[in-house]
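Could you walk me through how the parts of this model touch one another?

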Amino acid sequence: MDLHISHTTRYAYDTPVSYALQRLHLRPQSNIMQTVLDWTVTVDGGVIELTCEDHHGNVIDLVNTDRGATELTVTASGTVRTHDRAGVMGKVYGAAPLWHFMQDTALTKPSKDIRALARPLKSATDTLGACHALSAQILAAVPYLIGQTYTNTTADQALTGGAGVCQDHAHIMIAVARYAGFPARYVSGYLKLDDRIDQDASHAWAEVHLPTLGWVGFDVSNGISPDERYARLAIGCDASDAAPVKGMRLGDGDESLIVTLQVQQ
Amino acid sequence: MNTKPDHFDEMRMGDDQVRPPYANYKSWFDGQDPGRLAKKSKEAEAFFRRTGITFNVYGQMAAEERLIPFDLVPRIISGREWTKLSRGIEQRVRAINAFLHDIYNRQEILRAGRIPIDLIARNEAFLPQMMGFSPPGGVYTHIVGTDIVRTGEDDFFVLEDNARTPSGVSYMLENRETMLQMFPELFSRIKVRPVSDYPKNLRRSLAASAPKSCGGKPVIAVLTPGIYNSAYYEHSFLADQMGAELVEGHDLRVVDGHIAMRTTRGYKQIDVLYRRVDDEFLDPLTFNPKSMLGVPGIMDVYRAGNITIANAPGTGVADDKAIYSYMPDIIEFYTGEKAILKNVETFRCGEQDSLKYVLDNLAELVVKEVHGSGGYGMLVGPAASKKELADFADKLRARPSNYIAQPTLSLSTVPIMVKKGLAPRHVDLRPYVLVSPDGVDITPGGLTRVALTEGSLVVNSSQGGGTKDTWVLED
Amino acid sequence: MLGKTAGGLFWMFRFLERAENTARLVEAGFRIALTRSTDASTEWESVATTAGVATRYHEKHDTFNATDVIDYLLRDKDNMSSVYSVTKSARDNARLVRTALTSEVWTAVNDSWMTIQDLLKRPVKETELPRVLDSIRQQSAIVRGALHGTMLRNDIYDFARIGTFIERADNTARIIDVKYYTLLPSSSFVGSSLDNVQWETILRSVSAHRAFRWLDEDEMTAAGVARFLILDRRLPRSLVFSMATTVENLNYLADEYGERHACHDHAELMLKKLKERDIASIFDEGLHEFITNFIQDNYALGQMIERDYKFYG
């Protein structure tokens with residue numbers, strides 16, 4: 001399936017910027033699940049200082065906001081041809097070894113509730129089935145609800161709060177899988193919705209490494225493994241590794257952020 | 001002079017005989033007027049204070065500046081002894097660089113099962129952001145300060161491999177400078193190998209490690225946390241001696257994909273950054289977001305191949321005290337040779353049997369924090385009170401893997417000047433090693449730290465230690 | 001050169017100059033208090049005002065008396081402009097820019113800090129005051145000597161000089177500002193011209209009471225004193241001398257860097273305003289307005305230099 005994607009992130013600053021950097025994870029790469037047919041990243045109100053690979057093999061851009069700018073617009077757009085592999089990325093590895101995806105991160109620390117969720121998976125013989133069951137269980141415990149969680153919400157907080165978005169679902173899935181002894185990671189990307197083109201935010205899901213299949217994706221929010229409607233942007237140990245845009249800015253003043261996203265066939 | 005028989009004294013053999021490296025010096029010393037030497041000692045202190053060769057003590061009143069006491073009796077090493085030492089150090093430093101490259105890339109040593117994965121995976125000094133990347137020239141530790149102690153004629157042990165940002169080299173240089181000014185006649189009488197080339201060699205070594213993309217003469221800068229840092233004097237001294245700019249984080253920005261410093265004429269690109277800021281604070285965009293000392297984005301510039309950071313981030317994974325205990329294996333794995341310098345026997349308290357042994361023998365052992373430095377958080381068993389031992393045992397039980405223990409070594413002694421003449425005190429040695437794609441360069445000598453209190457084994461300057469000039473003889 | 005280094009040099013030398021000026025103000029105040037039977041409290045208040053610290057002083061003390069004012073100006077750590085504080089600031093800045101200084105200049109500044117720290121360890125007794133003030137001025141002369149004797153005449157030197165003379169111009173202008181009414185022609189009718197205490201205070205504050213007698217003819221008139229302090233190019237603390245030196249060093253910078261900035265035009269204009277005037281026309285314009293404008297222009301010049309040479313981010 002050819003997905004046409006246009007993803008715009010606009011920052012508005014209430015005081016002119018003296019110095020601000022943004023690290024972008026906005027360049028999908030070709031792999032066995034997708035072929036990038038064309039892709040561009042453009043910046044208005046700043047410049048791309050450099051483009052390089054991070055330690056997960058993601059391609060990042062470092063953006064410097066123009067001095068005195070009050071607005072920065074980053075647009076990533078292009079076409080990605082996806083291949084339906086039932087969410088199985090397989091035994092494909094980068095520079096980071098599997099044990100790296102076994103380490104807790106600040107956002108995915110195992111709490112008591114998370115450890116409890118891990119019990120069935122720990123002892124399962126059908127690990128794939130157990131992961132799907134876990135995914136369903138997480139969605140039941142944490143229904144999809146916007147506005148209840150933030151960028152820095154941890155897996156445990158989302159689980160306790162009983163509501164969250166795709167990032168929180170992925171974090172809980174990752175935390176549980178790791179505690180059960182399986183390497184797990186965060187995937188950021190796009191999902192084509194069947195009922196509309198315009199979306200408010202990019203998507204995210206989890207991947208768990210199973211001994212037989214290798215990396216397998218689980219989109220907890222939608223209760224499925226990724227199919228050809230999904231395009232991958234970046235991977236990481238949690239959202240902080242793979243967030244589409246992460247930045248820092250010198251000085252005071254508020255900023256507001258508007259994301260517009262269109263994904264269509 | 002009363003040397004305890006259980007210590008190796010580097011000047012004396014028995015009561016009357018002087019060891020050969022010291023023979024010439026001792027005969028000079030015996031001809032000196034003690035009053036004149038005492039006066040020289042005062043002069044040296046005044047010189048250090050006027051020049052501002054001070055360090056700031058953590059935990060004391062803000063920005064209090066102190067002098068490190070300087071003892072004017074040199075510590076003397078023969079050329080033959082030095083040859084062996086330097087071969088051992090070079091071997092070790094090469095192995096450390098090979099280890100770091102491996103750990104951040106293919107991890108063969110972990111696949112081979114020679115080191116437990118957890119030691120790396122759970123190591124705070126391991127930086128995932130360094131994975132899948134080779135620094136310019138393949139060098140990780142451009143500057144190393146290997147801490148060495150001696151216990152006998154042929155017994156040298158490595159105590160610590162300081163592979164992050166070893167400090168103290170300015171004292172090595174200033175101590176020699178002071179000795180040259182005070183006792184010029186000594187240096188015409190005894191041929192001592194010079195240390196004064198260090199800044200030039202440092203500059204050359206850093207320049208040789210510049211990124212490939214750097215055309216022409218590389219621009220080098222020294223990154224300091226600022227004037228209130230304990231080693232600020234050294235930072236400014238080295239920058240000055242190398243003819244490099246001394247910069248702070250807020251002088252730097254990302255410009256045209258490089259790191260650049262703000263000059264009176266605009267931003268100017270830097271090719272090699274000799275940073276004296278710890279990993280955690282180096283890049284708020286990548287590591288501690290609250291850091292005010294670092295350079296946001298520098299890790300991306302680094303991975304893009306546009307700057308050399310010396311030492312590379314993440315080198316701490318090679319010098320913590322738990323890894324230390326594996327150094328003989330590491331050396332063998334990467335060089336195919338046995339380690340030339342010995343390791344001190346080390347008990348990893350994280351291991352059940354070791355912990356038991358350590359708790360049972362606490363009074364005889366030295367216990368250190370795995371990530372500690374500067375003598376803080378350390379227990380010297382033989383010098384500790386019953387209560388101190390008991391308190392420390394609690395700490396050990398609470399977080400065993402945070403500690404290692406070693407037998408108390410009977411460190412060698414070297415004479416210092418006291419009111420009554422010469423008296424032996426325990427010493428260690430930190431030679432300074434430069435690594436570049438062109439090779440390894442070890443300055444003959446180094447910093448000798450001396451425990452000024454009689455019988456004390458703690459040489460750290462923050463804990464009442466002093467320093468000495470260290471001579472390597474031309475022989 | 002790093003922008004920060006330029007800023008560090010500029011401020012290091014401003015602070016050194018300020019230490020010396022403050023010592024001189026105290027000396028003048030002390031001298032007047034000793035020899036004249038004027039209202040001492042008013043005199044000390046004007047000393048504090050000239051030093052720009054009267055308001056902060058008042059937060060701490062109720063009255064302006066010799067002991068308190070002298071202590072506040074020399075030793076008080078809460079007073080950012082006390083001799084103690086500015087010597088420390090000068091030395092901190094020297095540490096910051098150490099790689100730009102010769103070892104002679106660094107050692108002089110470091111020595112000076114150690115000496116002054118020692119001198120001001122305890123409250124200064126009246127009997128000790130002349131010796132202490134003398135030492136402070138001497139320290140500053142040693143640093144200046146090291147600067148002149150050992151530093152290359154390059155941008156480093158230029159920033160050091162610019163800092164010195166912007167501070168000095170500010171100091172002289174403040175002295176005139178606080179006492180301007182005593183220099184107005186109308187007030188010269190009060191008392192005998194030769195015996196004007198206020199004029200002497202002013203002249204002493206810029207170490208020019210002897211020079212004035214030597215240089216400025218034989219009549220000490222309000223206009224004469226004002227002309228001397230503002231327009232006499234022979235007096236190294238006059239406004240015109242300070243401005244001419246600042247312009248000179250700014251122009252060296254422009255030559256070396258091959259680039260002129262806003263600060264150059266602004267400084268040239270300030271100098272032109274001084275050169276084109278005579279004292280009569282200044283009095284016609286209003287001495288107070290003239291000095292107020294000068295202080296503002298001088299402040300603005302400092303800001304421009306800071307921006308043009310990128311002292312801060």
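Asp251(B) and Lys4(C) join their side chains in a salt bridge, with N and O 2.5 Å apart; the term stands for a side-chain nitrogen of Lys or Arg within 4 Å of a carboxyl oxygen of Asp or Glu. Between chain B and chain C the count is two salt bridges, alongside 13 residue pairs in polar contact (both at pLDDT 80 or more). A polar contact is a pair of N or O atoms within 3.5 Å; within protein, one must be able to donate a hydrogen and the other to accept it, and residues adjacent in sequence count only if both atoms are side-chain atoms.

Which elements of chain B give two or more residues to the side that touches chain C? They are helix H2 (34–51), helix H9 (232–242), strand E9 (245–247) and strand E11 (258–263) of chain B, where helices (H or I, at least four residues) and strands (E, at least two) are DSSP runs numbered from the N terminus. H9(B) gives the most, with five residues. By class, this side of chain B has eight nonpolar, eight polar and ten charged residues. Here Ala, Val, Leu, Ile, Met, Phe, Trp, Tyr, Cys and Pro count as nonpolar, Asp, Glu, Lys and Arg as charged, and the others, Gly among them, as polar.

A word on the ground rules: this is a predicted model, in which local features need pLDDT of at least 70 and side-chain atom pairs count only at pLDDT 80 or more, while totals for chains, interfaces and linings use all residues. Residues are numbered from 1 along each chain as its sequence is written, chains are lettered from A and ligands numbered from 1 in the order in which they are written, and side-chain values use heavy atoms, with hydrogens and water left out.

Now for the domains, whose bounds come from an automatic or database domain assignment. Chain C has domain 1 (1–151) and domain 2 (152–313), and their C-alpha centres lie 20 Å apart. Chain B has domain 1 (12–344 + 409–472) and domain 2 (345–408), with C-alpha centres 26 Å apart.

The table sets out the buried area, meaning the accessible area (1.4 Å probe) that two parts lose on being put together, summed over both.

| Pair | Buried area | Share from carbon and sulfur atoms |
|---|---|---|
| Domain 1 and domain 2 of chain C | about 3,100 Å² | 57% |
| Chain B and chain C | about 2,300 Å² | 46% |
| Domain 1 and domain 2 of chain B | about 1,600 Å² | 52% |

In domain 1 of chain B, Lys321(B), Val344(B) and Leu409(B) lose the most area to domain 2 of chain B, together 35% of what that side buries. How many salt bridges does the rule find between domain 1 of chain B and domain 2 of chain B? The count is zero, though five residue pairs are in polar contact there (both at pLDDT 80 or more).

Between domain 1 of chain C and domain 2 of chain C there are five salt bridges. Arg237(C) pairs with Glu17(C) in a salt bridge, their closest N and O atoms being 2.9 Å apart. On the side of domain 1 of chain C that touches domain 2 of chain C, helix H1 (3–35), helix H2 (40–50) and helix H7 (129–150) of chain C each supply at least two residues. H1(C) brings the largest share of that side, 18 residues.
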